Amino acid sequence: MSIYDVLKEKGIVLPPAPPKGGLYTQAMEFGDKLVYISGCGSNLEDDIVAGKLGKEVSIEVGQRCARNAMLNVLSVVDANVGLENVKKCVKILVFVSSDPDFYDQPKVANGASQLLVDIFGEAPSRSAVGMVSMPGNQPVEIEAIFELK
């Protein structure tokens, strides 16, 4: 079954790839069959959230934001190398805009990890870190490394 069949079967629709937010490369192939995807925020055209976890944003909404950020990452992958050329997601780094007393960044990141499990059948290695602020006041941003076939 192709990756596109898996997405269709699971009802997962990729948004259009987000535009670049500065002077950088969205996808950079390196090493032997690896591609690094620059950070993608959590806003989708029809789902925009602003604020910090532990303040204006709940863990459940944060998990949805992490899932949305991962959808944006996958859209960049698809636009640059094609999802059909991906073997698996190797690593994600999840940045969570957090109130100073919020300590559940890993719970928020689970929204992204679960999407990858649903698509590829396994979770990647992962880091989840709190940030004092994020571009556009978005709650979540994710960067990733994928292994190509």
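This section describes the sheet, the helices packed on it and selected residues in a predicted model.

The model contains an open sheet of five strands in the order 1-2-5-3-4, and the pairing within the sheet is mixed. Strand 1 (27-30) and strand 4 (125-131) form the edges, each pairing on one side only. From one strand to the next, the twist averages 15°. Strands of a sheet pair through backbone hydrogen bonds, in either a parallel or an antiparallel manner. Both kinds of pairing are illustrated below.

Strand 1 and strand 2 (residues 34-41) run antiparallel and are joined by four bridges. Within this pair, M28 has Y36 of strand 2 as its bridge partner, and E29 stands opposite V35, also in strand 2. The two strands form a hairpin with three residues between them, in which G31 takes a positive phi near 55°. K33 lies in the loop between strand 1 and strand 2. The phi of K33 is also positive, near 70°, in a residue other than glycine. Most residues other than glycine have a negative phi. K33 is partly exposed, because its relative accessible area is 44%.

Strand 3 (86-97) and strand 4 run parallel, with seven bridges between them. One of the residues involved is V96, whose bridge partner in strand 4 is G130. Together with helix 3, these two strands make a right-handed β-α-β unit.

Helix 2 (residues 59-80) touches strand 1, strand 2, strand 3 and strand 5 (140-148), and the direction of helix 2 makes about 40° with that of strand 5. Helix 3 (residues 105-120) touches strand 3, strand 4 and strand 5, and the direction of helix 3 makes about 160° with that of strand 3.

Two buried residues were examined individually. S42 is located in the loop between strand 2 and helix 2. The relative accessibility of S42 is 1%, so this residue counts as buried. Apart from neighbours within four places in sequence, S42 is in contact with D47, C65, N68, A69, N72, Q138, P139 and V140. Among these partners, C65, N68, A69 and N72 fall in the range of helix 2, residues 59-80, and V140 falls in that of strand 5, residues 140-148.

Q105 is placed in helix 3. Q105 has a relative accessibility of 9% and therefore counts as buried. When residues up to four places away in sequence are not counted, Q105 touches V96, S98, A128, V129 and G130. These contacts include V96 and G130, which are bridge partners in the pairing of strand 3 with strand 4. The C-alpha atoms of Q105 and V140 are separated by 9.8 Å, and the two residues are 35 residues apart along the chain.

A further positive phi is found at N137, which is not a glycine and has a value of about 60°. N137 belongs to the loop between strand 4 and strand 5. With a relative accessible area of 39%, N137 is partly exposed.

Ring interactions were also examined. The structure holds zero aromatic pairs. K20 lies over the face of Y24, at 5.9 Å from the ring centre.

Terms used. Residues are numbered from 1 along each chain as its sequence is written. This is a predicted model: local features need pLDDT of at least 70, side-chain atom pairs count only at pLDDT 80 or more; totals for chains, interfaces and linings use all residues. Side-chain values use heavy atoms; hydrogens and water are left out. Two strands pair if DSSP finds at least two bridges between them. Axes are lines fitted to C-alpha atoms, for helices over the stretch in contact, and angles run from 0 to 180 degrees between N-to-C directions. Contact means heavy atoms within 4.5 Å. Rings of Phe, Tyr and Trp (its six-membered ring) pair if their centres lie within 6.5 Å; planes under 30 degrees apart count as stacked, over 60 as edge-to-face and the rest as tilted. A charge sits over a ring if NZ of Lys or CZ of Arg is within 6 Å of the ring centre and within 35 degrees of the ring normal. A crossover is right-handed if, with the strands pointing away from the viewer, the path from the first strand over the helix to the second runs clockwise. Buried means under 20% relative accessible area, exposed over 50%, partly exposed in between (1.4 Å probe, protein chains only).
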